[in-house]
Amino acid sequence: MPAQFKNLALDIRDYLLTCLPDFETLRSAVLASRGLHEAYVLRSKSIMHCVVSSEIGPAWPFALVLARMRDEPWEGCTDGLIVNDWIEDSQITGREAFELIRVSKIAKQFEDMFSNREKDRTSKTSVLSDAESYRFQRALYKLWWIREIYAADGEDNLDRPEYMQHCKVELLGADTLTELLELDRVWHFLADIVKWLRLSHGPTEDDDFQQVLMVKPESFLEAYETFDFGIILDDSQDAPNPVLREFLEDRGVEPGCWIDSPDDAVLVDEILGEDDTCDKCNAEEGLNLWGEPNWSWLRGHLPPDRLPAFLPGYLGQNFTTKAELVNLTKDKGFRYEEMIKEMFEGQIDTEEYKTDGWYCWTCLTQFFKKELYSWFVNWKRKEGHVFQPEDCWYGWNCRTQRHKLSHASRLNHFCAPTRGDQHDD
Ligand SMILES: [Zn+2]
Ligand SMILES: [Zn+2]
């Protein structure tokens with residue numbers, strides 16, 4: 001069969017190649033057939049553009065700029081209109097294609113997160129429309145360009161002011177206010193993820209999140225997947241401070257002003273389920289409702305440090321119990337979504353809260369109050385923990401367990417009080 005390709009007109013072979021869905025298929029096709037290889041050699045530039053566009057989507061030129069910035073000395077590419085000169089008329093090499101696909105996969109994961117948080121909470125993968133997706137990715141890549149420009153630090157960068165001027169005007173120089181608002185909006189989204197990460201470790205300060213722009217996309221993703229805020233700190237420490245804020249303000253974009261923008265279609269044209277209500281109390285909470293597809297986000301909203309407060313009585317203040325619960329839930333490999341699933345499955349009364357239900361913050365925290373204790377006891381049993389045979393009379397309401405280690409460890413406090421409440425000692 002493949003030998004017959006040679007008999008087809010060049011235009012047909014060219015057309016066939018441009019229809020391939022991804023770079024890997026193109027590579028195999030070209031390697032497998034001499035006829036297709038010949039067509040590829042003659043028309044590789046346009047064929048490559050088509051296939052890359054099918055695989056990555058319409059924002060691919062912005063991804064290619066990033067891939068090239070990461071691969072080549074950036075200085076060589078600062079003249080002229082970057083995207084046009086550098087992309088439209090250029091040959092994508094195989095090596096660039098691999099890097100392109102790599103960065104686009106990362107961008108896609110960010111789009112999934114964005115879509116779940118800001119467009120449709122019921123879907124873990126992106127449901128952004130083609131136009132929304134293009135706008136999101138264009139802004140995301142542009143923000144990542146900033147890192148490449150600033151990270152190319154050192155002696156070469158002594159002429160930084162001129163360099164910055166260039167980057168502001170030519171590179172980020174979005175044509176319209178809406179595009180600038182989109183940059184601001186995606187930047188806020190990234191900053192939100194960083195705040196979320198920081199919160200999942202404990203209380204947060206209100207940082208200046210300019211530095212977020214200095215985190216490598218893959219480090220960012222790794223930090224998100226492992227809940228390791230240290231990765232963000234390591235990447236952004238001692239990094240130069242990008243001037244994006246000043247640039248945006250010069251052009252009339254104040255921090256977060258897209259929120260009040262008269263054009264409320266900044267990035268997202270329509271939020272799905274905006275008027276949805278809590279399945280328990282009917283509060284209209286839309287995107288703020290909690291259900292299975294967004295349980296994983298809960299870690300940065302109800303961080304491990306706060307979980308012991310959901311145990312009954314003073315159990316969460318029992319030093320050993322508190323440390324055990326916090327250490328368990330803080331672990332890299334621990335998944336909130338699995339814990340919540342087990343909490344739902346372990347319910348005795350399954351009428352009040354349903355696994356596939358959507359709940360407001362208040363109802364969700366009530367659920368934690370109701371179920372966290374049983375879940376934790378089950379977890380301890382599964383781990384082979386042996387409870388002290390003798391129960392404290394005051395059970396979980398015992399106040400002494402908070403400060404007397406010998407008492408706390410000698411008696412079991414994972415039980416209901418049998419002698420009423422304890423007087424203060
Ligand atoms: Zn509710
Ligand atoms: Zn006690």
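**Note on a predicted model: helix packing and one tyrosine**

1. Start with helix H11, residues 229–236. Ile231, Ile232, Asp235 and Ser236 are buried in this helix. These four span an arc of only 115 degrees around the axis, so they sit on the same side of H11. This is a predicted model.

2. What lies over that side? The cover of the buried H11 residues includes helix H9 (177–199). It also includes helix H10 (217–226).

3. Next, the pair H14 and H15. Helix H14 covers residues 336–345, and helix H15 covers residues 361–382. Their axes come within 9 Å and cross at roughly 100 degrees. An angle of 65 to 115 degrees counts as roughly perpendicular, so H14 is roughly perpendicular to H15.

4. Which residues make the contact between H14 and H15? From H14, they are Met339, Glu342 and Met343. From H15, they are Glu371, Leu372 and Trp375. By class, the residues of this contact are 4 nonpolar and 2 charged, with no polar ones.

5. Now Tyr15. This residue belongs to helix H1, residues 10–18. Is Tyr15 buried, exposed or partly exposed? Tyr15 has 15 C-beta neighbours inside 10 Å, so it counts as partly exposed. A buried residue would need 20 or more, and an exposed one 12 or fewer.

6. One distance for Tyr15 can be checked in the viewer. Its C-alpha atom and that of Ala39 are separated by 9.5 Å. Along the chain, Tyr15 and Ala39 are 24 residues apart.

Technical notes. Residues numbered from 1 in each chain as written. Chains lettered and ligands numbered in written order. Predicted model: local features only at pLDDT ≥ 70, side-chain atom pairs only at ≥ 80, totals over all residues. Helix = DSSP H or I, 4+ residues; strand = E, 2+ residues; numbered from the N terminus. Arc of directions from axis to C-beta. Contact = placed C-beta atoms within 7 Å. Axes fitted to C-alpha atoms, helices over the stretch in contact; angles between N-to-C directions. Parallel < 35°, antiparallel > 145°, perpendicular 65-115°, else oblique. Nonpolar A, V, L, I, M, F, W, Y, C, P; charged D, E, K, R; others polar.
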